[in-house]
There are 4 protein chains.
Amino acid sequence: MSYKKIIEEVYERVKNQEDTGRLATYIPELANVKAASFGVHVSTIKKEDFGFGDHLEKFSIQSISKVLTLSLAYTILGEDIWKRVDVEPSGTPFNSLLQLEADNGIPRNPFINAGAIVVADILMSNLKNPKEDFLQFVRSISNNSSINYNEKVAASEKSVGFRNIALCNFIKSFGNIHNNAEEVLDFYFNVCSLEMNCKELSDLFLFLANGGKNIQTGKQIVTKRQAKRLNAIMQTCGFYDEAGEFSFRVGLPGKSGVGGGIIAVHPDEFAIAVWSPRLNKKGNSYKGFSFLEEFTTVSKSSIF
Amino acid sequence: MSYKKIIEEVYERVKNQEDTGRLATYIPELANVKAASFGVHVSTIKKEDFGFGDHLEKFSIQSISKVLTLSLAYTILGEDIWKRVDVEPSGTPFNSLLQLEADNGIPRNPFINAGAIVVADILMSNLKNPKEDFLQFVRSISNNSSINYNEKVAASEKSVGFRNIALCNFIKSFGNIHNNAEEVLDFYFNVCSLEMNCKELSDLFLFLANGGKNIQTGKQIVTKRQAKRLNAIMQTCGFYDEAGEFSFRVGLPGKSGVGGGIIAVHPDEFAIAVWSPRLNKKGNSYKGFSFLEEFTTVSKSSIF
Amino acid sequence: MSYKKIIEEVYERVKNQEDTGRLATYIPELANVKAASFGVHVSTIKKEDFGFGDHLEKFSIQSISKVLTLSLAYTILGEDIWKRVDVEPSGTPFNSLLQLEADNGIPRNPFINAGAIVVADILMSNLKNPKEDFLQFVRSISNNSSINYNEKVAASEKSVGFRNIALCNFIKSFGNIHNNAEEVLDFYFNVCSLEMNCKELSDLFLFLANGGKNIQTGKQIVTKRQAKRLNAIMQTCGFYDEAGEFSFRVGLPGKSGVGGGIIAVHPDEFAIAVWSPRLNKKGNSYKGFSFLEEFTTVSKSSIF
Amino acid sequence: MSYKKIIEEVYERVKNQEDTGRLATYIPELANVKAASFGVHVSTIKKEDFGFGDHLEKFSIQSISKVLTLSLAYTILGEDIWKRVDVEPSGTPFNSLLQLEADNGIPRNPFINAGAIVVADILMSNLKNPKEDFLQFVRSISNNSSINYNEKVAASEKSVGFRNIALCNFIKSFGNIHNNAEEVLDFYFNVCSLEMNCKELSDLFLFLANGGKNIQTGKQIVTKRQAKRLNAIMQTCGFYDEAGEFSFRVGLPGKSGVGGGIIAVHPDEFAIAVWSPRLNKKGNSYKGFSFLEEFTTVSKSSIF
């Protein structure tokens, strides 16, 4: 059975399941989204491309952007980046503060907030116009110049971002933030507010299924080795305190965001984006997770 | 280039590298091993099979046995097993006690000591003669009736196993150990003392590269889905506080033991066993880790 | 107004208050006590002595015994004892495991279980017949040869003491328990089972109000400096995670036990024992705490 | 022997001891102080008053100010203040973050930074001109209108106060900071920068030895009960992770600051201020601690 057929069938099945998840409400602006939205889109390295449901509606990719800032910072610093942030899975946010103390301000991995803030700080030090340059990087990977920040979401997150201010200053007290904390966070909140639809998102991440190379332009975004390593980090650290569960049930490297999006990558095959804004208790899209579990089961596309 | 050729070359290169690791000394009996030992063996699902160096010398597989007890318990309880133990990566041992408290005695995963002790308790409740029955299970997977416990090592570990006694009783205080703590630990220490050489070890684990099926007898040891899930847990939790690093640098599901062994599995391709008893600071074989990193790099056999 | 008058009045007032506490149930044998019991007894250094309510009924002093084992061990090791256990207040039991790890097996203070187990280990190493010799010490301080262990309570506690087994073995893994863990705990559980009535308890602790000297025999039990220091530790560490609250509301050095007893000492004035078995959420006697707060308020006998 | 005589003798003895402490360097401006300074001053409720050494030289009282902000906030909110901050001793700063999480943003006590920041927030909400009004309060207790902030020290602390920014925003994320975080911290840093000499400091704290009453004006600053409770909190929480040790070795309620000052209070007798800027490993004045230990030993003035 083709991926398209399988996806269509699984999409219909999961669409009709009861959704016990809840909208993220901590960022006021995010609470305005249509809760029942559900879309999925696949892009394959054979340049196939198809989607179902609300796959052309834009949403806030939130933490999924952490893979993109890391990718850009990785191309700039190379392996030196791991002096500033580690690659180990972390427990809960609660532990991450504890671990920052134990690890002298070196975050456990780049996909918890602490780590992504350090990565944002690295970009601040290395980009002339961080917001513009990063946006340019994202657009160039995706061959899509319409991708943009949502300033309202960024402002909304900033207005309640006390815990991120705490994290950033805590890390700065260890010397692992080099720029002004307020400016780092301003950049960080903007990056989180990036908006895309499922099609744009799966197109964008296809380079990680394709050995780091843009499938349209042939341009090497990150090296092949870097692509593998980015996938490995997604596998072990992509879903907060549910990384093991995702690995166990879905079996693909991936990354979620509190906007309800999930991106997953099957090396040498495809990138798949799902969006459904109601979140399970661990903060990952309830239907997105269900869909991916069933999809990899039926299609036998777990990497394990 | 064939796996054999690559392995031979990488083996020679790593053999001559300086080894900054140190022998595990906390189990007195383990300190008697020849520190410079270094062996590697591959078994493929095409029934190829070759090794280099000390690949026919027996060693104590220690925590690698945790995958085997889990496999057997998984076949007995099915998915119910996850009510007793979770599948999330854990931080350091230091955190694992903290997390047991926070998680009411449910260990984070079956590959930390706390989790493996719960798995041992499950087997105690379900096997008539736990030690004999488990040994029988291992022998049957490996088609090798010479595999055995090393009673001296078991006794040695027991004589200094205060922290494991602490863990077991701590979990029992939450009600998640059902049998007598002393008997559970006696079984646990025996299991850890299993002795094999690299060839036996890679032969043994080949079922996890082969969809759960014994390649000689065709017998389904665990279901295909269970095999995938066991691999997923090895990927996220197989190397203590270095699981992310192993995933990142090697890119294969695997499991290490303080005896200096590492097993890694490439689904649908091969199982590879390495043994070199000097350990890095995180408790994983120094040369074993180096070898596997270089091997997957040269052979392009990372799953990512 | 005399102490006697005040105590009588406060006793009556508190007796009639609603008691929102609950019996300790974790030691099966302790759950058999009459829940409504309430007694109080004062012994002054002027050799006055009076009690009200159930002050002549025996109860299990439990953790109050920790002051007595510490006193004896202090006389044996002198200030060297602080190499084995610290004198800092601890947070919850939950933290105490964490802190044992951070502090390499040195308990925060002698009044948390971890610390009292280390003190028991010290006595094991220094007494010929630990149980008999310690009982002899207690009897000699109290001029009362009828004081005894309750073997049933000791056995009951032992049968469910998994967390104490965990603690003892955890500390042993750091080298701070020198004797066999099982024997140390056997002694520890016996000590906790000591039975007394309020009169015996206040008589017993009078030496700490009297500069360390037995008021009947004139014998110096601990030095004056040691007495002051024992009082200081009771002040900062005597009430688990409620030490600050007790200090704040009552203002006397003291120690509680889950049997519902509390002893408090006013240096140079008196020792007062209260017993009421229903415990508040932090594990301290609900009415005992209320009584002492009101008593020190009315009698203006806070040391602050 | 009179207090004066004892203090003079102990002062001379401690003055000549080797000082293994080190200047606090984390606030750049504090590093400029003369390291060998050593002064002591006593004020008794009999209106005696004498000092030795550098007792008339001003220094930054730093955390000692936490007792003063708490006193003022206590008079405003009464016992309601304990809804915002607890009275339990805390472990290390490391734990305090952990505990904030566990306790939903309620700091363990008002003398750790987290707690003092909440107290500052309370004053911000209740004072018209926080800086001026608080200064007025301090001057009125001490009958001394020359006491002032040191703006340079405040600015210096602010320039490196990342961890306090982290704490304040972390607490704000739980809803327990009501004002703008930056403004709360601006006030907090000013309060910490209060400058006094030992005479001014012991005069100032005499109200806590005198049942809450200003000894010159007879004005009741805090109620008698509040004075007792403030002393009790100093006893259990006044010395960071060395509160137990201070209680144990000195036996008086007190509070230290990283400027090298210590105030201690003997209820109904005296207040004593010591200043010597070299700090021990726990952040308390090395010679200040030694002096007080020897002083209470020789003068038998421990409250225990």
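Analyst: This is a predicted model. A place to start is S2(C), where C:Gly39, C:His41 and C:Ser43 point one way, C:Val40, C:Val42 and C:Thr44 point the other way, and all are buried.

User: What makes a residue such as C:Val40 buried?

Analyst: The term requires 20 or more other C-beta atoms within 10 Å of the residue's own. C:Val40 is classed as buried, so it meets that cut-off.

User: Why is strand S2 of chain C called largely enclosed?

Analyst: Six of the six residues in this strand, residues 39-44, are buried, so the rest of the structure largely encloses it.

User: Why do the side chains point two ways?

Analyst: Side chains in a regular strand alternate between the two faces of the sheet.

User: How do you know that S2(C) pairs with other strands?

Analyst: Pairing needs at least two bridges between two strands. S2(C) has six bridges to S8 of chain C (residues 270-275), running antiparallel, with C:His41 opposite C:Ala273. Five bridges join S2(C) to S3 of chain C (residues 49-53), also antiparallel, and there C:Val42 stands opposite C:Phe50. Both counts meet the requirement, so both are pairs.

User: What lies between S2(C) and S3(C) in their hairpin?

Analyst: Four residues separate the two strands, and C:Lys47 in the turn has a positive phi of about 65°.

User: How do you know that the copies meet through the same surface?

Analyst: Of the interface residues of chain D, 100% are also interface residues in chain A, so the same surface is used.

Terms used: Residues numbered from 1 in each chain as written. Chains lettered and ligands numbered in written order. Predicted model: local features only at pLDDT ≥ 70, side-chain atom pairs only at ≥ 80, totals over all residues. Contact = placed C-beta atoms within 7 Å. Buried ≥ 20, exposed ≤ 12 C-beta atoms within 10 Å, placed from the backbone.
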